[in-house]
Amino acid sequence: MRRRVLARADAADDDAAETSSDCPHAHGIEVPDDTFATRCLRPLDPRSVFAFRLGLAAVIFWDAYDKAMLVPAFYEGSYSSYPTFAFEEDVGWLAARLNLFTLFHGPAWPSLLLALTAACALGLPWWRSCSVICWCLVTMSTLRNVEVTFIFDRYIHFMLFFSSCLPYHLAQCSRGNSDLVGLLLRLQLAWIYTDAGYGKVMDESKDWTLEAEMPALAVYMQGAPGADQLLQLDKEHFAGWGVRILTALVAWAELLVGPLMLVTSITLPSTCVWIQLLPMAMVWLLHLGIALGMEGGWSIGAIACVSWLALRPRTVWERTEDSAAVQHGASYEHDKVQSAAWSSQFSTPARVAVIFVVSCCLFEMSGVKTRPGPVPTVLLLNRWRVFTGADRSLNWEVAPARLTNGSIIDIWSWQQQINFEKPSYGRKGRWMSFPFTKPASALALDARFAYLCNEWNAVHEAQVEKFQLFELWAFFYNNMTLGPPTKKLLRVQRCAGQGRTVLGEATSQGANATRG
C-alpha cells in the first residue's frame with residue numbers, strides 16, 4: 001500500500017517534519033488505495049477551495065456594490081418600485097417581516113446590509129461564519145425582489161451554499177479523508193451544464209443544430225465586438241456553415257462538459273493533470289464567448305469560472321512555483337484544529353449539503369411552481385435551461401414623458417430625443433428584468449411605475465406630468481436584418497399628484513410619433 005507524507009511545499013526541513021507529525025500516517029492511520037470508490041469521494045484540494053473562495057468573495061463584493069447602487073429602485077421599503085406593502089402582497093406578511101431588508105424604511109438600512117455583505121465577503125476565504133452570513137444576506141436580498149434576478153443570482157446562491165459546507169482547512173495531510181461535499185459540488189456543476197446543454201440540443205426549434213434555419217449563435221452574437229464582420233465573412237466564404245457548425249459544437253460541448261468532468265475526476269488517477277483540466281478550459285471558453293456576445297454575460301462568466309476553480313487538481317498546485325503563496329492565505333494552526341471537525345464526510349456541513357441537494361431533487365420531481373413566499377421554494381429551483389432557442393426578435397422600451405415646461409423626454413433612457421425606430425437599451429443590468437407586465441394590485445402597479453417619475457423629479461427642476469411606456473420589438477429575417485418595429489403601449493402613468501390611469505395597450509407598425 002502506497003504511503004506518503006505530505007508537507008508544505010515551502011517549508012524547511014524542520015517545518016516539514018513537524019507538519020508530517022500531524023498527518024494521518026504519523027499516527028498509524030491507513031490511507032486507502034486509489035480505487036474507484038475512493039476517487040468518488042476524492043477531496044477537493046484545499047488550495048483549490050481557497051482559490052474558489054477568493055474568487056467568490058470578489059464576485060460577492062461586486063454584486064453587493066451593484067445592488068447598493070440600485071437600493072432606491074428595488075430594495076427600499078417606502079418609495080421604490082417594489083415597496084414593502086407590494087412585497088407583502090406577493091409573499092405574505094410573515095415572510096416579508098422575516099426578511100431583514102424590510103425591517104426599516106429608507107435607503108440607509110438596505111445599504112447597511114449590503115455593506116455588511118461586502119464586509120463578510122472579505123472574510124469568506126478564511127471563516128465559515130462569513131460564508132454563512134454572506135449566503136443568508138445574499139439570499140434575503142434575492143428574495144426581497146426576485147423579479148430583478150437572473151441566472152447569475154441562482155449561480156451565486158448555490159456556490160455560496162457549497163462554500164459554507166466545504167471544509168475550511170488547508171492541511172495537505174487531509175487529502176486522505178473522504179469529501180462528500182466535494183462530490184456534491186462536482187455533481188452540481190455537472191448538472192448545471194448538462195441541463196443547459198440538453199435543453200439546447202433537444203429543443204424542438206433545432207436552433208442549436210446543423211439543421212437550424214437561423215443558428216442561435218448568430219443571433220446571440222449580434223452586438224458583440226467584431227461579430228457582424230465575422231458573420232459576413234462566414235456568409236461570403238463558407239455560405240454560413242462556419243457559424244452553423246460552431247453553434248452545434250457549443251451546444252454539444254455544454255451538454256458533455258459535465259459528464260466529462262465527472263469521468264476525468266473520478267475514474268482517472270490524479271496524475272492525469274491535463275485531461276482533468278480539459279473540462280475547466282471548456283467552461284472558461286464557453287463563458288468567454290457568452291461574455292463577449294451577451295448583455296450581462298461578464299457577471300455570469302465570472303461566477304462560473306470562479307466556481308470551477310474548486311476543481312483544480314492538486315497536481316497542478318504541486319507544479320506551480322507560487323503555490324505556497326496561496327496556501328499561506330489561511331492560518332495553518334487554525335487548519336489543524338478544524339481538520340478533525342470538518343473533513344469527515346459525515347460532518348454537519350455534509351449532512352446539510354445532502355439535505356439541501358435531496359430537497360432540490362424532490363422539489364423538482366413534485367412539479368410544484370416556485371414561489372418567493374410564504375415558503376421560498378424559489379431557493380430550491382435547480383434548473384438551468386436558458387437560451388434553448390434563438391430569440392428571433394429584439395425588444396426594447398421607450399417611455400415618452402411630458403414635463404411641466406412642455407418638453408418631451410424619454411424617461412426610461414433619460415434621452416432628450418424620442419426614437420421608436422432604432423433599437424436601444426435605455427437601462428442595463430437588473431433593469432433589464434424590470435417587471436413591466438407582472439400582475440399586481442392597483443396600488444402596487446402605481447408604485448412600480450411612479451418610481452420613474454420620482455426618480456426624474458428628484459434631480460430635475462422640470463417635473464414629469466405624465467408618461468407612456470411602450471414596448472417595441474422587431475423580428476430578425478433569415479439574413480439577420482431587422483424588420484420594422486412593432487409598438488405596444490404598456491402603461492400610461494400620471495405623475496405630480498395627478499393620480500393613476502388604467503392600463504391600456506395598442507399596436508402600430510414603425511410609428512415615430514409621441515402621444516400627447
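The questions and answers below go through this predicted model, from the whole chain down to single residues.

Visitor: How many helices and strands does the chain have?
Guide: The model is predicted, and the chain in it has 516 residues. Its secondary structure comes to 20 helices and six strands.

Visitor: What share of the residues is buried?
Guide: A residue counts as buried when its relative accessible area is under 20%. The chain exposes about 24,300 Å², and carbon and sulfur atoms supply 63% of that area. Of the 516 residues, the buried share is 49%.

Visitor: Among contacts between residues at least 6 apart in sequence, what share joins residues at least 24 apart?
Guide: Contact here means heavy atoms within 4.5 Å. For contacts between residues at least 6 apart, the share that joins residues at least 24 apart is 71%.

Visitor: Are helices α3 and α7 roughly parallel or antiparallel?
Guide: Helix α3 covers residues 46-69 and helix α7 covers residues 108-123; they pack with their axes 8 Å apart, at an angle of about 170°. An angle over 145 degrees counts as roughly antiparallel. Therefore α3 and α7 are roughly antiparallel.

Visitor: Against which helices do the buried residues of α5 pack?
Guide: Helix α5 runs over residues 84-91, and its buried residues are Thr84, Ala86, Phe87, Glu88 and Val91. Just after α5 comes glycine 92, with a positive phi of about 95°. The buried residues of α5 pack against α6, α8 and α20.

Visitor: Which residues does asparagine 99 contact, leaving aside its neighbours within four places in sequence?
Guide: Asparagine 99 has its place in the loop between α6 and α7. Its relative accessible area is 3%, so asparagine 99 is buried. Leaving aside neighbours within four places in sequence, its contacts are Phe87, Met140, Leu143 and Arg144.

Visitor: Arginine 128 and serine 164 are 36 residues apart along the chain; what separates their C-alpha atoms?
Guide: Arginine 128 lies in helix α8. With a relative accessible area of 14%, arginine 128 is buried. The C-alpha atoms of arginine 128 and serine 164 are separated by 5.9 Å.

Visitor: Which residue in the turn between β2 and β3 has a positive phi?
Guide: Strand β2 (residues 400-403) and strand β3 (residues 408-410) run antiparallel and are joined by three bridges. In this pairing, alanine 401 stands opposite isoleucine 409. The two strands form a hairpin with four residues between them, and the turn residue with a positive phi, about 90°, is glycine 406.

Visitor: Which residue in β4 stands opposite leucine 403?
Guide: Strand β2 also pairs with strand β4 (residues 464-475), in the antiparallel sense and over three bridges. The residue in β4 opposite leucine 403 is valine 464.

Visitor: Is leucine 452 buried or exposed?
Guide: Leucine 452 lies in helix α20, residues 442-457. Not counting residues up to four places away in sequence, leucine 452 touches Ile411, Trp412, Arg427, Trp431 and Phe467. Its C-alpha atom is separated by 9.3 Å from that of valine 464. The relative accessible area of leucine 452 is 0%, so leucine 452 is buried.

Visitor: Which peptide bond is cis, with omega near 0°?
Guide: Proline 374 has its place in the loop between α19 and β1. The cis bond runs from glycine 373 to proline 374.

Visitor: What is the relative accessibility of phenylalanine 387?
Guide: Phenylalanine 387 lies in the loop between α19 and β1. Although it is not a glycine, phenylalanine 387 has a positive phi of about 55°. Phenylalanine 387 counts as partly exposed because its relative accessibility is 35%.

Visitor: And what is the relative accessibility of tryptophan 414?
Guide: Tryptophan 414 lies in the loop between β3 and α20. Tryptophan 414 is not a glycine, yet its phi is positive, about 60°. Tryptophan 414 counts as partly exposed because its relative accessibility is 31%.

Notes
Residues numbered from 1 in each chain as written. Predicted model: local features only at pLDDT ≥ 70, side-chain atom pairs only at ≥ 80, totals over all residues. Heavy atoms only, no water. Axes fitted to C-alpha atoms, helices over the stretch in contact; angles between N-to-C directions. Parallel < 35°, antiparallel > 145°, perpendicular 65-115°, else oblique. Buried < 20%, exposed > 50% of the residue type's maximum accessible area, 1.4 Å probe, protein only. Areas by Shrake-Rupley, 256 points an atom, 1.4 Å probe, with all protein chains shown as cover. Pairing = 2+ DSSP bridges.
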